[in-house]
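Good morning. Please look at the sequence and the structure on the screen, and then I will go through some side chains.

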Amino acid sequence: MEKIGLNELREMFLSFYQSKEHYRRQSFSLVPHNDKSLLLINSGMAPLKPYFTGMQTPPSKRMTTCQKCIRTGDIENVGHTSRHGTFFEMLGSFSFGDYFKHESLNWGWEFITEVLKMPVDKLWATVYEDDDQAYDIWKNEIGMPEERIVRLGKDDNFWQHGLGPCGPCSEIYFDRGEKYGCDNPDCKPGCECDRYVEFWNHVFTQFDAAEDGTYSDLANPNIDTGMGLERLACIMQGVESIFDIDTVRYILDGVVEASGVEYKDGELETDVSIRIITDHLRSMTFMIADSITPGNGGREYVLRRIIRRAARHGRMLGIKGTFLSELVDRVIETSGDAYPELKERRDMIKKVVAVEEATFAATIDQGMRFINEYIAEMKKTGSTVLDGDKAFKLHDTYGFPIDLTREILEEEGYSVDQKGFEDAMEEQKKRSQGASDMKEAGWDNASAEAVIETETEFTGYETLRSEGRILAIIKDGKSVDVATEGDEVTIILDRTPFYAVSGGQATDTGIMTADGVNVRVKEVTKSAGVFSHMVTVEEGSISVGDMLDCAVDTIRRNKTACNHTATHMLHAALRKVLGDHVKQAGSSVTSDTLRFDFNHFQAVTAEELEKVENIVNEKIAEFIDVNTKVMPISEAQEEGAMALFDEKYGDFVRIVSVGDYSVEFCGGTHIANSGQIGAFKIVSESGTASGVRRIEAVTGQEILARYNDCETLIRNTAGILKSNRDNLMDKSASLMDEIKKLKKEIEELKKAEMSKDLDSLIDTAETINGIKLITKQFEDYNINDLRSLSDDIKASNKGVAMVFATVTGPKVTFLVSLTDDLVESGLHAGKMIKEVAAAAGGGGGGKADMAQAGAKDSSKIPDAFVKAAELLK
């Protein structure tokens, strides 16, 4: 049997089915589209479900794909076995109500025997025990001997997931030979030994499963076949492990080269780490290419876990520093032709890996120290379960995913308190979330009759002024019928034009009026569709049942709407400049500013920010119409509208479109045309959490206000520096040079004065047990000055201990320095300084010959010097 490379096998399969009039489609993304049941695509048919269920029309009734897949359910087995991997490719041929068993099995046989030229006598088939049709095709059409056709039961050869479409399947096996078999004389497919390898499954979806357990025939039966590319490559290349097939072995050899550790085909303990890194490199590369970035939830967490797991195994192999991003190149070399997105996004993939690995490297050593301490503690106490609080500390402080902590513990025979960890996570969420929606709505102590069951009708999309009837008044947490002048209450109306704070957009404010009545609206919140208006009755009185004329503050609303539309435009510009992986992670829109949080793996450069800002301003200048419409969520998703990943939406959603430049799900208020924004200016970019960046920006009048502030600042600064604005930079640079020269002169004077005092310091030293103790307090000297002084003394003296203190404002800094002979005799500066600084309310540490510490109370410096003398005595 000819050895064929993995890339060649993929092309042979797809070309074969293309010749059978199948539509050849590039692999779908690893990110499921409109399928919340999956975090990541894990099979060839997963992205085709809408076609099989009839929800969407396929581009052709016949399709063939090679689908990239991720499975992490048994990640703990990766590296320990020859077949487990988190990443794999699935070859598939599909029929949506077109051909059926006859074509599927005959074409499959043609491909493996005539194209791949597998030995016919090595091939076996299994069929469902009641599927006589498939059995007859194998026996009478294909000509397979009956003894190599095996009937198996429902557990092995019937595909069904709950109710709905299901059916029997037929699997093709390769006989590896007797040496892989068992002692059972009737050994055949279905046996638990390793002799027979199943490599191609043909699923015949022909039945509809009902609740009563019966099956009815589908009007249009389907075909779904799946063959693991790596498993097929193992057969065709005559190797026993997926880590030995050509493309994967090339990546593995890179890991071996980077580590300098020999690989022995799974025989050594280090082989496990080499295999894990090899597999995880494939997964992380493909995931990032599909715009997934590391994070703390969902598929982002899966990626973080994979990268950090690989990084840890690199440490176990003795690899110093970061290494994964360089090995990414090997994955792209082997797979880039079949998956062009890998080449197109090479730089981004390598950046994301490098940043995540470097972030983890900064904490992994400290985290491992804590884990080892915890393990030692458990050994001492006889405990076998790590406290959930400690596991949470490793997660929260040192970036250890809980799965990684569990894996490390299991290697030592221990486990983790999963519930305790989850409780600690939940406590953190509660702390960050603060008050509940009901409390924020002013209902925390409201009596039962104040809770309104009918949702408030919101009129604020169409108008900024409308009438509303008072349904309830809440004062001091209790329902009342009347509120009078001066009262601060919460009122609920049947309809309102006031936008309630939600979706990151700030509340509307304004007034409510009636004859002799004026009510100031300060804030509006909503819960369960009911709007609560926090108001002050400024004139007259109001009662339940009264009609009020409600008017929104027009200027505030318009400025907020400008900022909200600008936020959508910023999102689109970021995706264009940084990549499709950018997704909203939070926002805040007020009348003054906008803030936008998004997923990105590193700080946005000044050049990138300039590009983003320019794009938004160009779109503003194009005067693009902004449209809103409500539609079924399925239609909105088909149109490509962007939604927040974890946001819950109903059957109908509101879509806001800035032409075709930006299309998003949104319930906020917006302007009618992009030109109304006027201008857009980014004022800051920062990080808020690992993998999350924040941009703050202003629009319209706020840019003018900031410009005026800058003008005032420039004018005042020029006045102070006695310069005009045109020469301000030159004047500032000249002054900085002068300051540097003066500082240098001061430092030289300090050094000269210190050198002059050298002899007197030594002559006035107190001798204790043969050791000369020098203590001295300095004013406005920095720690480097004290170090320099101690070095000068140590250069020409022995048996000297120095304890210096310098006071700069309220800050006290101590330095303890010992000559080498005192260190050799057993004295330790780091230990001394702890007690010396403690006498002045401080603390610190350091090496045996020199240590420094900070303190708060300069009046206690003499006490600290006394403590130093006591320590030497």
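Over the ring of which residue does the charged end of arginine 654 sit? That ring belongs to tyrosine 461, and the charged end is 3.7 Å from its centre. A charge sits over a ring if NZ of Lys or CZ of Arg is within 6 Å of the ring centre and within 35 degrees of the ring normal. Arginine 330 has its charged end over the ring of tyrosine 250, 4.3 Å from the centre.

Now the sources. This is a predicted model, where local features need pLDDT of at least 70 and side-chain atom pairs count only at pLDDT 80 or more, while totals for chains, interfaces and linings use all residues. Residues are numbered from 1 along each chain as its sequence is written, and side-chain values use heavy atoms, leaving out hydrogens and water.

Next, ring pairs. The structure holds 27 aromatic pairs. Rings of Phe, Tyr and Trp (its six-membered ring) pair if their centres lie within 6.5 Å; planes under 30 degrees apart count as stacked, over 60 as edge-to-face and the rest as tilted. Phenylalanine 16 and phenylalanine 111 have ring centres 5.3 Å apart and planes at 50 degrees, so this pair is tilted. Both phenylalanine 16 and phenylalanine 111 are buried, meaning under 20% relative accessible area with a 1.4 Å probe, protein chains only. Phe16 and Phe111 belong to one aromatic cluster with Phe13, Tyr17 and Trp200.

For phenylalanine 458 and tyrosine 499, the ring centres are 6.1 Å apart and the planes at 70 degrees, so the pair is edge-to-face. Phenylalanine 458 and tyrosine 499 are buried too.

Terms used
Buried means under 20% relative accessible area, exposed over 50%, partly exposed in between (1.4 Å probe, protein chains only).
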